[in-house]
Amino acid sequence: MGKGKHRELSSATRLVGAGRKPEWTGAAVNPPVWRASTYLYEDSAAQEAGRHVNADGVFHYGARGGPTQWALAEALTALEPGAAGTMLYPTGLAAPVVALLSVLKAGDEVLIADNSYDPTRSAALHALKDYGIAARFFDPLDLAGFPALIAERTRAVLLESPGSLSMEVCDVPALAAAAKARGLAVLLDNTWAGPTGFQALAHGVDLSILALTKHVGGHSDLMLGSVTANAEYYPRLRKRSLLLGQQASPDDCALALRGLRTMDVRLERSSQSALKIAEWLRERTEVAQVLFPMLPGAPGHELWQRDYTGGCGLFTFLLKGADRAARDRFVDALELFGIGYSWGGFESLVLGVHPERDRAAMPWPPAGCDPAERCAVRLWVGLEDSDDLIADLERGFAALKLT
Ligand SMILES: *Cc1c(COP(=O)(O)O)cnc(C)c1O
């Protein structure tokens, strides 16, 4: 850091230097953990003067963070062209919730893409609703129908691309342009691609949301979220976040900073292994469809190729003619893929998923699929050898056939 030329360097290079300010790190390479609730002032005059300083990077009280949190926030800001600043949250879920609370008030409505992360949907439906904020779900693939959805009280749109579980890629620049033409705030959950795989703000997004729990943490041992905003929205995001007492632990931020340094190689390895596995799955007679935007010919691949510079090894596939019990046999037979929530860690994961449980505006299974083919399996491909993972999936297919 400190050379001021990040925007011209590739993301792999920027990940190495981001956030490493000498005044925060000293001579240490990675920013150390600064644990503090209280910072001491020289005298009363300094304390009184400090009360009026409300800026990132200035000591005040632990709730405003310290050098470890600032270093992570600054790193995420540096990775996002067009960003004015980043706020951190104790979970990935808190990030979209507080971002929505920073752009909406009672009486407003938010349009939420129907393929969004289920807990985000639930937060809007069951918590924001109690504060007078309405949520309406829409099909983000229906570009032509989008402008007509915007009502007088609609103030924001929340997108997720690719969509959680079902992996649809939406046309973010087109939806963002249509939304902004009507004065809406545009929010995107960019957890799948992350800032190195999709430059959200440069594609028209105002507030880019990440569950740092996933790729940035990278080791399945922390919970953390962030929102990076442009100059128009950062001041109100920061103000609302501080008013609501949002802050992340310095220990978790230090782990996230450590994870950030290797994120590029981890995502590259995960994506390449996932592509090989997805191609192999596509040839299996037991597989109806592979939903992986990085895979040529898969749904969303053209938009992914147009807008994205990377991705990750998270994708879903549909089993052909399998009932729930067969799908569970497949999942349970795997030995290298653990059954568990989340993704982005070094280890591979598998989950039987049910997008149809959380749909209001989009069909599931996707068009062209037999309704009997809705048994979906989501894979997170970690850092194991891809041939070992394929051999593990063979075990799953063998179990699928047993009745
Ligand atoms: C996991 C996830 C979140 C929430 O992150 P947590 O840290 O688990 O709360 C939000 N959005 C997406 C797309 C996710 O995958």
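User: How many aromatic pairs does the structure hold?
Analyst: The structure holds twelve aromatic pairs. Rings of Phe, Tyr and Trp (its six-membered ring) pair if their centres lie within 6.5 Å; planes under 30 degrees apart count as stacked, over 60 as edge-to-face and the rest as tilted. This is a predicted model, where local features need pLDDT of at least 70 and side-chain atom pairs count only at pLDDT 80 or more, while totals for chains, interfaces and linings use all residues. Residues are numbered from 1 along each chain as its sequence is written, and side-chain values use heavy atoms, with hydrogens and water left out.

User: What is the geometry of the W280 and F397 pair?
Analyst: The W280 and F397 pair is tilted, at 5.9 Å centre to centre with 55° between the planes. The pair links distant parts of the chain: W280 belongs to helix α11 (residues 250-282) and F397 to helix α14 (residues 386-401), 117 residues apart. Helices (H or I, at least four residues) and strands (E, at least two) are DSSP runs, numbered from the N terminus.

User: Are W280 and F397 buried or exposed?
Analyst: Both W280 and F397 are buried. Buried means under 20% relative accessible area, exposed over 50%, and partly exposed in between (1.4 Å probe, protein chains only).

User: And W343 with W380, what is the angle between the planes?
Analyst: The planes of W343 and W380 are 40° apart and the centres 6.1 Å apart, a tilted pair. W343 counts as buried because its relative accessibility is 10%. W380 is buried with a relative accessible area of 3%.

User: Which residues do ring pairs link into a cluster?
Analyst: W24, W34, Y39, F59 and W70 are linked into a cluster by ring pairs.

User: Where does the charged end of R121 sit?
Analyst: The charged end of R121 sits over the ring of F137, 4.0 Å from the ring centre. The criterion is NZ of Lys or CZ of Arg within 6 Å of the ring centre and within 35 degrees of the ring normal.

User: Back to the helices. At what angle do α11 and α14 cross?
Analyst: The axes of α11 and α14 cross at roughly 35° and come within 10 Å. Axes are lines fitted to C-alpha atoms, for helices over the stretch in contact, and angles run from 0 to 180 degrees between N-to-C directions. The α11 and α14 crossing is right-handed. A crossing is right-handed if the near helix is turned clockwise from the far one by less than a right angle, and left-handed if anticlockwise.

User: Which residues meet there in α11 and α14?
Analyst: From α11 they are S273, K276, I277, W280 and L281, and from α14 they are S386, D387, L389, I390, L393, E394 and F397. Contact means heavy atoms within 4.5 Å. The residues of this contact divide into seven nonpolar, two polar and three charged. Ala, Val, Leu, Ile, Met, Phe, Trp, Tyr, Cys and Pro count as nonpolar, Asp, Glu, Lys and Arg as charged, and the others, Gly among them, as polar.

User: How far apart are the axes of α13 and α14?
Analyst: The axes of helix α13 (residues 324-333) and α14 are 7 Å apart, and the two pack at an angle of about 150°. The α13 and α14 crossing is right-handed. A326, R327, R329, F330 and A333 in α13 meet α14 residues D392, L393, R395, G396, F397, A399 and L400.

User: Why is helix α5 largely enclosed?
Analyst: Eight of the ten residues of α5 (residues 94-103) are buried, so the helix is largely enclosed by the rest of the structure. The buried residues are A94, A95, P96, V98, A99, L100, S102 and V103.

User: Backbone next. Which peptide bonds are cis?
Analyst: A cis bond joins S161 and P162, with omega about -5°, and the bond from W364 to P365 is cis with omega near 5°. P162 is in the loop between β4 (154-160) and α8 (172-181), and P365 is in the loop between β11 and β12.

User: What is phi of M167?
Analyst: Phi of M167 is near 65°, a positive value in a residue other than glycine. M167 lies in the loop between β4 and α8 and, at 2% relative accessibility, counts as buried.
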